[in-house]
Amino acid sequence: MSHAESSGPDGQSSPHRPARPSLAWGLVIPLVTLAVLSGVLLAQFVGPEAVPPPGPAGGIGESSPLPPPDDSIAFQAVRDATPLQFSETAAYAELLDRARETPIDVLRESARTDVVFSDLLARPERYRGLPIRLQGTARRILRIDDLPERIAPEGALYEAWTFAGDSRGFPYVLVFEDAPKGLPGGDDVSAFVIFHGYFFKLLAYNAADKPRKAPMLIGRLEYVPDDRRPAEIPGAGSRSSPAWLLGMIGLVAVYLVVRSVTTARALRARSASARRFQAPPRDHISSEELDEWLRQAPGPEQEQEQDQGQGEGPEPPRPSS
C-alpha cells in the first residue's frame with residue numbers, strides 16, 4: 001500500500017478514509033446480476049419436465065398399425081359438421097362409458113399419437129371411436145350441469161376448448177367427467193392439459209369470423225400446473241414463448257451493459273481525480289531546502305530590479321510530494 005493511500009495530512013495513519021472502489025467491480029457486479037436474472041427467468045419458464053414424450057420409445061417406425069374405425073351401431077347416427085343432436089346421444093353415452101370403465105394406464109397405452117388435427121378434419125369417419133392423445137392449452141373450460149343420469153351419473157360434465165400444436169389456432173373440444181384438482185374454469189383461462197380420449201365427431205360452432213368445426217373427443221383429462229409445464233409447447237396458445245424469454249433477457253442485458261459502461265467511466269474519472277491529490281500538502285520544509293532557498297535569495301540590487309520589473313528572484317520552495 002502506498003504512503004499516499006494510508007496517511008493523512010499530518011503524516012499519521014488515517015483509518016477512516018474509505019478505500020476507492022475497484023474498476024473491475026463496476027463490470028463484475030452487472031455481469032453477475034445478468035447471470036442471476038437470466039437463471040431466474042429460465043427457471044420460471046422452463047421448470048422441471050413433467051410430461052414424457054409421447055409415442056413409442058423406438059419412434060414412429062415402431063408404432064403399431066392404425067386399427068380400423070369403430071363399427072359400433074351407435075356411431076351410425078353420428079353426423080359430422082353439425083351441432084350435437086338427440087340422435088347422437090347413444091354414441092355420446094357409449095364413449096363416456098368407455099372412458100369411465102377403462103383404466104387410465106390402459107387408455108394412455110392405447111391412445112394414438114400419430115393422428116393429428118388435419119386427419120380428423122379430412123376423414124372423421126376413419127378415426128371414429130379411436131383413442132387419441134393430445135396436449136395443449138385449454139382457453140375455455142365449462143361445466144355442463146343438469147344432465148341425465150344415463151349420460152352423467154354425477155349430473156355434470158366438463159368441456160375444455162383446447163389449442164394444440166397441430167391445430168394452428170383452432171380448437172379441439174374435449175369432454176371429460178372428472179375435473180382434476182386445481183383446474184381453472186371460465187372463458188379466459190390458460191391451463192396446460194393432456195388428454196386421452198375417443199374421437200366422437202366434428203362439432204359445428206360459430207366462430208368470430210364464420211361457422212367452423214372442431215374435433216370433439218370424450219375421455220380423461222390431466223391438468224399440468226405451471227410449475228410442471230414442459231419447456232416448449234409449439235403453437236399451444238400459451239402466453240409464454242421462447243421469443244418472450246429471449247426478449248426479456250436481451251432487455252436486461254442491454255440495461256446492465258449500459259449501466260456497467262457508465263459505472264466504469266465514473267470510476268475512471270474518480271480514480272484520475274484521486275491521483276491528482278494523492279500527496280497530502282505539507283506545512284513545513286526541510287532545513288536543507290530552507291538553506292538552499294536562502295542562498296538563492298536576491299540582494300538589494302536584485303530586489304531593486306524586481307521592483308522595476310526587470311528581473312525575478314527565486315521563488316520560495318513549494319511543498320513537494
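View 1. Glu159 has Val175, in strand 3, as its bridge partner. The model shown here and in the other views is predicted. A further bridge links Trp161 to Val173 of strand 3. Strand 2 and strand 3 run antiparallel and are joined by five bridges. Both Glu159 and Trp161 are buried, and they point the same way from strand 2 as Leu157 and Phe163.

View 2. Strand 2 covers residues 156-164. Ala156, Tyr158, Ala160, Thr162 and Ala164 point one way, while Leu157, Glu159, Trp161 and Phe163 point the other way. Which of these residues are buried? All of them are. Because nine of the nine residues are buried, strand 2 is largely enclosed by the rest of the structure. Strand 1 is joined to strand 2 by nine bridges, and the two run antiparallel. Among the paired residues, Ile144 has Leu157 of strand 2 as its bridge partner.

View 3. Five strands close into a barrel, with mixed pairing and the order 1-2-3-5-4. From one strand to the next, the twist averages 45°. Strands of a sheet pair through backbone hydrogen bonds, in either a parallel or an antiparallel sense. Strand 1 (131-145) pairs with strand 4 in the antiparallel sense over eight bridges. One of the residues concerned is Leu134, whose bridge partner in strand 4 is Phe195.

**View 4. The hairpin of strand 4 and strand 5.** Strand 4 (191-206) and strand 5 (211-224) form a hairpin, with four residues between them. The two strands pair over 14 bridges in the antiparallel sense. Tyr205 has Arg212, in strand 5, as its bridge partner.

**View 5. Helix 3 against the strands.** Helix 3 spans residues 89-101 and has 13 residues. From first C-alpha to last, helix 3 reaches 18 Å, close to the 18 Å expected at 1.5 Å a residue. Helix 3 lies across strand 2, strand 3, strand 4 and strand 5, and runs at about 20° to strand 5. Its buried residues are Ala91, Tyr92, Ala93, Leu95, Leu96, Asp97 and Ala99. What covers these buried residues? The cover includes strand 2, strand 3 (172-176), strand 4 and strand 5.

**View 6. Ser167 in the loop between strand 2 and strand 3.** Ser167 is found in the loop between these two strands. Is Ser167 buried or exposed? Ser167 counts as buried because its relative accessibility is 1%, against a cut-off of under 20%. Its side chain reaches the backbone oxygen of Ala164 at 3.0 Å. Leaving aside neighbours within four places in sequence, Ser167 is in contact with Phe117 and Tyr172.

**View 7. Pro153 in the loop between strand 1 and strand 2.** Pro153 lies in the loop that runs between strand 1 and strand 2. With a relative accessible area of 45%, Pro153 is partly exposed. Leaving aside neighbours within four places in sequence, Pro153 is in contact with Arg100 and Glu177. Pro153 and Glu177 are 24 residues apart in sequence, and their C-alpha atoms are 9.4 Å apart in space.

Definitions and conventions:
Residues are numbered from 1 along each chain as its sequence is written. This is a predicted model: local features need pLDDT of at least 70, side-chain atom pairs count only at pLDDT 80 or more; totals for chains, interfaces and linings use all residues. Side-chain values use heavy atoms; hydrogens and water are left out. The expected span of a helix is 1.5 Å times one less than its number of residues. Buried means under 20% relative accessible area, exposed over 50%, partly exposed in between (1.4 Å probe, protein chains only). Contact means heavy atoms within 4.5 Å. Two strands pair if DSSP finds at least two bridges between them. Axes are lines fitted to C-alpha atoms, for helices over the stretch in contact, and angles run from 0 to 180 degrees between N-to-C directions. A polar contact is a pair of N or O atoms within 3.5 Å; within protein, one must be able to donate a hydrogen and the other to accept it, and residues adjacent in sequence count only if both atoms are side-chain atoms.
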